[in-house]
Structures are given as C-alpha cells and as structure tokens.
Amino acid sequence: MAEHTPLRISSRRRPRVLLLGNGLNRVYGGTSWAGLLEKINRTSFTAEQVKSMPFPMQAVLLSKDHVDVSLQDLQRELTQCQVHPWLAEQIQRLLALPFDCVLTPNFTYEVECAMIPDFLRCPQRYLRHTAAVPRAENGFMLHTYYSIPKEGGDLPLFHIHGEARIPNTVILGHYYYGNLLFCCDEYLTHRAPAQRYPLWPGCESMDALSWLDYLILGEVYSLGFGFDTSEMDLWWLLCRKKRERAPHGDLWFFEPERKSAETKRALLEAYNAKCVSLGVKEPAAEDYRGFYEMAVREITRRMKENI
C-alpha cells in the first residue's frame, strides 16, 4: 500500500516546479505520439489521414474508442525502460536543482529510471499519496505521486496524465480529458474558491494536496512539452493560474521559435506564460539535442540566481 507523506508549500517562497515533457526523450528515438497511435491503430486509416484532428480524437478514432484496452495490450512494452545515457544525464542535472516538484504528462518512466536504475523492479516502494486521499488512486492521479530519492530530500514526481503501469489512469482520448478537467475544476473550486488559495493573504504554509497546487502557485519551468492546443486541461489550468489572487509564479515555456507555432506562442503569452527560445529558430530535428542542453544550462543559471 502506498504511504501518505505530507507535502508543504511555504508562503515565503513560491514552489519551484519542473514540467517535463517527452521532447528530450524524442532526441534519441523515444516513443512519439505518431508511434503510439500506430501501435493502437485498429482501423484502415493512417496517422497521416487523421492528423488534422485534435490529438485526443485521433486516439479515439484509431483505437475505435478502445483506448483503455489498447493501452492494456501495450502495458508490458511501455513499462520497459532503457534510458539513453544522454537523456539520463540531462534528467539528473535537472533534478539536482532545488525543485520542489516534478510534473510530467508522460506515461512512461524515464525520469524514475534515470534516478533509480532498478525502479521498475518495485515501483510501489516509491509510491505515495497526499492527505487528500486515503490511498493511491486508480483513476485520475491528482493526489498520487512517486517519491524520488535525492540529496537534500525526496522529490515528488506526479504523472499528471497517468502512467503505463496502471492503464486505467492514462488520459488519452477527449472523454478522459473532459473528465480530468472536471476533476481539476471541482478540486480548485473547493480548495480555492474565487481564485483565493489559503496562502493569500497571509498564512505561513499549507499542505500541498495535489499537483494542481504546485502548478497554480509555482514558478514552473516547462521543457520538452509542446503545449499542443489539444491539451485542454493544461490550457485551462494556465488560464486559472493567471487568475489566481495569491502570490504565484510564472510559467516559463522553453521551446525554439518556429513559424508554424507563432499563434501558440501568442496564446501562451496571452495567458502570461513567458516564452524562451534561447535565440534558436526553426531547428532541424537533429538540432534539438543542442537546444535542450542550452535550456538545461539556462534553467540551472536561473535557479541558482533565485535560491
């Protein structure tokens, strides 16, 4: 059974949060969205034919609305973990920084395996839940996380869209996205009505009961996550973060500048996100390794300046 471990957020310092997507994993051939769709495809359609649809609907169509069953069939494959040495090095550098929390939309376990080589032998050893629930969740994982051992104290890592080891938790398909968004709204309505967290105007600290608390209040560094416009839960939460009345941090979005993503960047900025391209424009696929290495160095610099 997963343990309950208290997590605290102080009013004296905004939480420092890493939002880590699949981009770094893709540098050396990690599973892509197109690759996942190919594996769950039960139709005569190709990924090319459905690419004009929002990502969640692509999954529904190609799996014939059997996303959950398709993921159960892939469970063994998705829970194998061979982390490329370059990826492990970047993850270890990032998690050596004084982050208070890591959020990942990935279903797979590259972060855990980079930090704990034998993690998949007994993942339950590291499974925790907040005081909001009596046990680890089997559905929407708002309050369930892995505790990653590191120097200076364990680090909570939330799989915000579920994990491959427990297919019922995976958010893939617009039905699941819609239900997750409902859960987010319900939690935040009870936790912070009228966009007022308990830290405002003045208590010293509060329990962190969900990854939503970290995302809303924290100084968030987003790396390797594309913020595709179909990710409606995170776009809604970004807007909710903007409206929060308690002192809260920014979201820093690290991605090269691309002509095809101009409107997305403008939308991010409308929600007060800070887009950081590091001067990189229209990179070829093979150039992303260099961009991510630059981004890790820049995040390191910023974190050290703000300790």
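Lys and Arg are counted here as positive and Asp and Glu as negative, while His and the chain ends are left out of the count. The place of each charge is taken as NZ of Lys, CZ of Arg, CG of Asp or CD of Glu. On this basis the chain carries 36 positive and 37 negative side chains, and the centres of the two sets are 3 Å apart. The model is a predicted one, in which local features need pLDDT of at least 70 and side-chain atom pairs count only at pLDDT 80 or more, whereas totals for chains, interfaces and linings use all residues. Residues are numbered from 1 along each chain as its sequence is written, and side-chain values use heavy atoms, with hydrogens and water left out.

To begin with the overall picture, the chain contains 13 helices and eleven strands; helices (H or I, at least four residues) and strands (E, at least two) are DSSP runs, numbered from the N terminus. The radius of gyration is 19 Å, close to the 19 Å that the globule rule gives for 307 residues, so the chain is as compact as a globular protein of that length. This radius is taken over C-alpha atoms, and the rule is 2.2 Å times the number of residues to the power 0.38. Along the principal axes, the C-alpha atoms fill a box of roughly 60 × 45 × 40 Å.

How much of the chain is buried? Of its 307 residues, 52% count as buried, where buried means under 20% relative accessible area, exposed over 50%, and partly exposed in between (1.4 Å probe, protein chains only). The chain exposes about 14,600 Å², and carbon and sulfur atoms supply 50% of that area; accessible areas come from the Shrake-Rupley method with a 1.4 Å probe, and for residues only the protein chains shown count as cover. Among contacts (heavy atoms within 4.5 Å) with a separation of 6 or more, 68% involve residues 24 or more positions apart.

In soluble globular proteins, nonpolar side chains tend to be buried together. A nonpolar core is defined as a set of buried Ala, Val, Leu, Ile, Met, Phe, Trp, Tyr and Cys residues joined through side-chain atoms within 4.5 Å. The largest such core has 52 residues, and L94, L95, L223 and I299 have the most contacts inside it. Helix 13 (residues 288-305) gives this core its largest share, seven residues. Leaving aside residues up to four places away in sequence, L94 touches L18, L20, F99, L223, V296 and I299. Apart from this core lies another, of 42 residues, including I160, I171, L180 and F253.

Several loop residues can be followed on the structure. L172 sits in the loop between strand 7 (155-159) and helix 9 (174-191) and is buried, at 1% relative accessible area. Its partners, not counting residues up to four places away in sequence, are W33, L36, A59, V67, L71, F107 and Y177. L172 and F55 are 117 residues apart along the chain, yet their C-alpha atoms are separated by 8.7 Å. G30, in the loop between helix 1 (23-26) and helix 2 (33-40), is also buried, at 13%. From G30 to H84 there are 54 residues in sequence and 9.1 Å in space, C-alpha to C-alpha.

Two further loop residues deserve a look for their backbone angles. D65, between helix 4 (55-62) and helix 5 (67-73), has a positive phi of about 60° although it is not a glycine; D65 is exposed, with a relative accessible area of 54%. L278, between strand 11 (274-276) and helix 13, has a positive phi near 60° and is likewise not a glycine. At 25% relative accessibility, L278 counts as partly exposed.
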